Amino acid sequence: MQRIRLRYTKRGRLRFTSHRDFQRAFERALRRAEVPMAYSAGFTPHPKVSYANAAPTGTGSEGEYLEIALTERRDPEKLRVLLDESLPTGLDVVEAVEARTSGLADRLTGSVWELRLDGVDPADAARAVKAFNGAETVEVQRLTKNGVRTFDARSAVASLESVETHSSPADRPSDRPCAILRLVVRHVTPAVRPDDVLSGLRAVADLAPPVPAAVTRLAQGLFDEETGTVTDPLAPDREAAATEPHEAAATAAATAPTPEGSA
């Protein structure tokens with residue numbers, strides 16, 4: 001059995017698709033691309049696909065991950081192209097590697113988010129960010145299936161800053177004032193989402209965008225406490241793939257029989 005790990009995106013209008021919608025679209029893409037999927041056992045077999053920490057409905061993302069199990073070996077890049085062609089534009093498979101290490105989900109411990117606040121003056125956003133960062137705790141409320149829950153949105157935030165440039169693709173360009181926030185958040189329980197941070201900004205500084213924020217996950221991976229950055233979760237698999245051929249060649253050379261007559 002071969003395992004392939006994929007990074008995919010949710011762009012443009014496709015950011016409004018739910019995780020269930022993506023699952024259905026992806027399983028159709030697997031059939032169209034004739035991927036030799038491994039299936040679970042039991043009365044209702046289903047393809048072995050492991051989804052990891054999907055972004056909330058309504059948010060864009062450049063860093064969504066999943067893993068599939070195959071019954072036959074396939075070239076990861078060729079498989080990526082086939083799947084990407086079988087998915088609608090906006091749900092794009094942008095990277096594929098063979099899984100050579102364990103624990104992909106364990107390496108998704110932080111996210112980098114971009115929050116586009118149309119109609120908000122950057123100076124007002126900067127003052128709100130300063131108030132949020134200066135608070136020890138920022139209590140917010142969220143409606144859950146068990147009722148309203150109150151929790152601290154500040155402790156999970158590794159960094160929050162107002163940035164002057166908007167380098168990533170804009171979901172909704174506008175001529176009105178616009179503030180851009182960059183958020184790095186740890187994945188904790190309960191999960192702190194970008195909308196919780198926006199609720200916190202409203203609580204500490206009365207910052208209330210006139211229209212819903214356009215939120216995009218720029219990256220997701222292992223959070224480095226020393227640097228405060230999020231690292232690429234697929235890097236260990238690429239590194240293992242790069243070193244494996246050299247190790248195999250060295251082993252073959254060491255175990256090769258010595259030609260007769262050699263010193």
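**Entry 1: a proline in a loop**

Where is the place of P190? I looked it up in the predicted model and found P190 in the loop between β9 (178–186) and α4. I then checked the peptide bond that joins T189 and P190, and I noted that it is cis, with omega about 0°.

**Entry 2: the chain and the confidence in it**

I turned to the chain in general. The protein chain has five helices and 11 strands. Of its 263 residues, 40% are buried. I also looked at contacts in the chain between residues at least 6 apart in sequence, and 77% of these join residues at least 24 apart.

How far may I rely on the prediction? The mean pLDDT of the chain is 89, and 89% of the residues reach 70 or more. Over residues 166–172, however, the pLDDT is below 50, although this stretch has 16 contacts in the model beyond near neighbours in sequence. Residues 248–255 also stay under 50 in pLDDT, and for them the model has zero contacts beyond four places in sequence.

**Entry 3: positive phi values**

The phi of E34 is near 55°. E34 is found in the loop between α1 (19–32) and β2 (49–52). Is E34 buried or exposed? I found E34 exposed, because its relative accessible area is 67% and the cut-off for that word is over 50%.

The phi of D206 is likewise positive, near 55°. D206 has its place in the loop between α4 and β10 (214–224). With a relative accessible area of 65%, D206 is exposed.

**Entry 4: salt bridges**

I recorded a count of 21 salt bridges.

I began with R3, which forms a salt bridge with E67; the closest N and O atoms are 3.1 Å apart. R3 lies in strand β1 (residues 2–10) and E67 in strand β3 (residues 60–70), so this pair ties together parts that are 64 residues apart in sequence. I compared the exposure of the two partners. R3 is partly exposed at 31% relative accessibility, whereas E67 is buried at 14%. I then noted that R3 and E67 belong to a network of salt bridges that also links R5, R107 and D237.

The side chains of R127 and D124 also meet in a salt bridge, at 2.1 Å from N to O. Why are R127 and D124 separated by about one helical turn? The reason I noted is that they are three residues apart in helix α3 (residues 122–134). R127 is exposed, with a relative accessible area of 54%, and D124 is partly exposed at 35%.

I also looked up E72 and R74, whose side chains meet in a salt bridge at 3.3 Å from N to O. E72 is partly exposed, with a relative accessible area of 43%. R74 is partly exposed as well, at 33%.

My last entry concerns α3 and helix α4 (residues 194–205). They pack at an angle of about 95°, and their axes are 9 Å apart. This makes α3 roughly perpendicular to α4, because angles of 65 to 115 degrees count as such.

Which residues in α3 meet residues in α4? I listed A128, V129, A131 and F132 in α3, which meet V197, G200, L201, V204 and A205 in α4.

Key
Residues are numbered from 1 along each chain as its sequence is written. This is a predicted model: local features need pLDDT of at least 70, side-chain atom pairs count only at pLDDT 80 or more; totals for chains, interfaces and linings use all residues. Side-chain values use heavy atoms; hydrogens and water are left out. pLDDT is the predictor's confidence in each residue, from 0 to 100. Contact means heavy atoms within 4.5 Å. A salt bridge is a side-chain nitrogen of Lys or Arg within 4 Å of a carboxyl oxygen of Asp or Glu. Helices (H or I, at least four residues) and strands (E, at least two) are DSSP runs, numbered from the N terminus. Buried means under 20% relative accessible area, exposed over 50%, partly exposed in between (1.4 Å probe, protein chains only). Axes are lines fitted to C-alpha atoms, for helices over the stretch in contact, and angles run from 0 to 180 degrees between N-to-C directions. Angles under 35 degrees count as roughly parallel, over 145 as roughly antiparallel, 65 to 115 as roughly perpendicular and the rest as oblique.
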